[in-house]
Amino acid sequence: MDAINVRELSKSYKDVKAVKGISFDVHEGEFFAFLGENGAGKSTTINILSTILSKTSGDVKVFGHELGKDDNEIRALTGIVFQNSVLDDKLSVRENLYTRGSYYGFGKKETDRRLSGIRESFELDEIWNRRYEKLSGGQRRRVDIARALIHSPKILFLDEPTTGLDPKSRRIVWDHIDHLRKEKKLTIFLTTHYMEETAEADNVVIMDKGMVIANGSPSELKNRYSSSKLVWYTHRSQDAEALLGNMPHTYESDHYNISFKDSITEFLYANRNVITDYEVIKGSMDDVFLNLTGREMSV
Amino acid sequence: MKQFMGLTKRNLLVFFKDKQSVVFSLLTSIIVFVLYLLFLKGTFIDAFDSVLDTNEYLKTVIKEDDIEAFVNMMLLVGMLGSALITVPFNCLTTVVRDKENKVDYDISATPVARWQIVLSYFVSAALSSCIMTGILLTAGLIISSLQGGFYLDAADIAFAYLVVIIGSISSTALFMTFMLFFKTSQASGAFFGMLSAASGFVIGAYIPLSQFSEGVRSFCNLFPATHITIMLRNALMNGALERMDSSLGGMDGGVFAESIRESFTFSPYMFGNDLVISSSMIYVLAIAFISCLMMIAIYSGNYKK
Ligand SMILES: Nc1ncnc2c1ncn2[C@@H]1O[C@H](COP(=O)(O)OP(=O)(O)OP(=O)(O)O)[C@@H](O)[C@H]1O
Ligand SMILES: [Mg+2]
């Protein structure tokens, strides 16, 4: 079943067209990533999907519920971790989570029951009574995610969850997200600036200036929009040039750079006696972005 | 109901857990208190004496202690009157901060009805104001009874608490409409600074309004807070005054008490006339009602984007 269907979704603020008629689908249980630079319209889109902002036009269905009609059903199914933290600094983790639980009509007991697993796996017990403002960046993120899971949603939106975190905290937050994805079969909808965070996604949508410019699995995108590179360490020679023929290539100080779209294995095997010192560099998502937009991704 | 209670509790916690902001919300009251210790008490007593000086006999009958009790209550009224402005306002700045930090987005993602969000801000600010000013009033009453010279009856005290409750609700309603126009907490903070500086003067906590020209008096009486303060003055200061009046045994026909009431401003002044105290009550309730209507009109469109 599809978790989310978006058709021709648009959103205009007073004088800014933030989202310009985008369409995509998210399957249940999928790890879905939204990749784009600042101002691409990522936050706007997920805020619409979680019923916070109203859309200007287009159709959105969340598990078959129509956005704009069945908003309360959608709210029960979606949890969101915002780009900027929205919990209260002066309140403890406990107070923050209990008050948020009450927004869904839960008493303390019910909130406890729903958080019991998360409290353990997210290691919240040791910071349970600490003020939110006293927590480290990584701890805060963990509490933010726990907040988003309070009502046991089926889809978790994560709006740039690791921006501003140090590498170690990023790793920890990612481990928790992986856990949710694999153990709880949660549908994860991630927005990010970081190419490498999309590597494990089942599906990636690349957004640029309010439009979807590419859509597919990371390997599909890499195959379609980037090329792998063979680095052959050898002297520049007529023979070598002849061997490479019309394959696009350049020579730098001590090696040839040869880019190719299809499998290089056969070529390497056929020339195994000539090409002995080499490296194969796989196409990256960075190349995909560069090829699609003609510019480097700025972070 | 659980949702509404949860929202209200959260707003209360946000306010009371921030000790700095709690102290800040009482800043004007603290200034009134400090100035009282420094010189306000002296000027109040001078004002009192200027009435006494009109008659040699009065000086011999009116006791020092009663005057002391009277001007101490003037202090309490000034502190309460300014707290009834600054506490609700400061508590309501949560509305602006929540917008700035997009906390309202988080609430919008839950099934909480939009009117509950607005109402919870209102109720929590009114409640924290009732709590803070209630504590202030109670502490003031206890201290003055310990000092001796406590001349309030149960009706006076009940009226004082009633005014504190009505004052909390009416200021909250009025400021609630303001809050929507502040886009940043910096703006609301700047306004708060202005408010806390001006409020002491407007309600006559430093200088009784009777000292000013008719124009200034009329202007100050536009603010419901001034009327609240006048009601508090009637509730808390009449006791001491009546005691002095009775010690005169009616030989001056009540002229003395009347001139004290006049110079310490016990009556609202509107449309060029001194009015009775019940007109203050009506005015305050009317402004609160209009504010509530405006609040509903403004906020109903506000939480859908
Ligand atoms: N409340 C608003 N009012 C007006 N314009 C807005 C508002 N929110 C966002 N925008 C504009 O809409 C566009 C998309 O913004 P959005 O926040 O969705 O981008 P984003 O992809 O999440 O960017 P970032 O990576 O910086 O978070 C931007 O041009 C932004 O300036
Ligand atoms: Mg964003």
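The model is predicted. Chain A holds ten helices and 14 strands, and 14 residues lie around ligand 1. The magnesium ion is ligand 2, and its protein donors are S43(A) and Q83(A).

**Chain A as a whole**

- The C-alpha trace of chain A spans about 80 × 45 × 35 Å along its principal axes.
- Chain A has 299 residues, and 51% of them are buried.
- Among the contacts in chain A with a separation of 6 or more, 67% are between residues 24 or more positions apart.

- The residues that come nearest to ligand 1 are G39(A), K42(A), S43(A), T44(A) and E160(A), out of 14 around it.
- By class, the shell around ligand 1 consists of seven polar, four nonpolar and three charged residues.
- Helix 1 of chain A, residues 42-49, gives the most to this shell, with three residues.
- G39(A) has a backbone N or O atom 2.8 Å from an oxygen atom of ligand 1.
- For G41(A), a backbone N or O atom lies 2.9 Å from an oxygen atom of ligand 1.
- E160(A) takes part through its side chain, with a polar atom 2.8 Å from an oxygen atom of ligand 1.
- On its own, ligand 1 has 640 Å² of accessible area, of which the protein covers 66%.

**Magnesium site**

- The magnesium ion has as protein donors the OG atom of S43(A) and the OE1 atom of Q83(A), at 1.9 to 2.2 Å.
- Q83(A) counts as partly exposed because its relative accessibility is 37%, which falls between the 20% limit for buried and the 50% limit for exposed.
- S43(A) is also listed among the residues that come nearest to ligand 1.

**S188 in chain B**

- S188(B) is part of helix 9 of chain B, which runs over residues 185-202.
- With a relative accessibility of 1%, S188(B) counts as buried, since buried means under 20%.
- Leaving out residues up to four places away in sequence, S188(B) touches F89(B), T93(B), V96(B) and F182(B).

Technical notes:
Residues numbered from 1 in each chain as written. Chains lettered and ligands numbered in written order. Predicted model: local features only at pLDDT ≥ 70, side-chain atom pairs only at ≥ 80, totals over all residues. Heavy atoms only, no water. Near = heavy atom within 4 Å. Polar contact = N/O pair within 3.5 Å; in protein donor to acceptor, adjacent residues only side chain to side chain. Areas by Shrake-Rupley, 256 points an atom, 1.4 Å probe, with all protein chains shown as cover. Helix = DSSP H or I, 4+ residues; strand = E, 2+ residues; numbered from the N terminus. Nonpolar A, V, L, I, M, F, W, Y, C, P; charged D, E, K, R; others polar. Donors = N, O, S within 2.8 Å, 3.2 Å for Na, K, Ca; no water. Buried < 20%, exposed > 50% of the residue type's maximum accessible area, 1.4 Å probe, protein only. Contact = heavy atoms within 4.5 Å.
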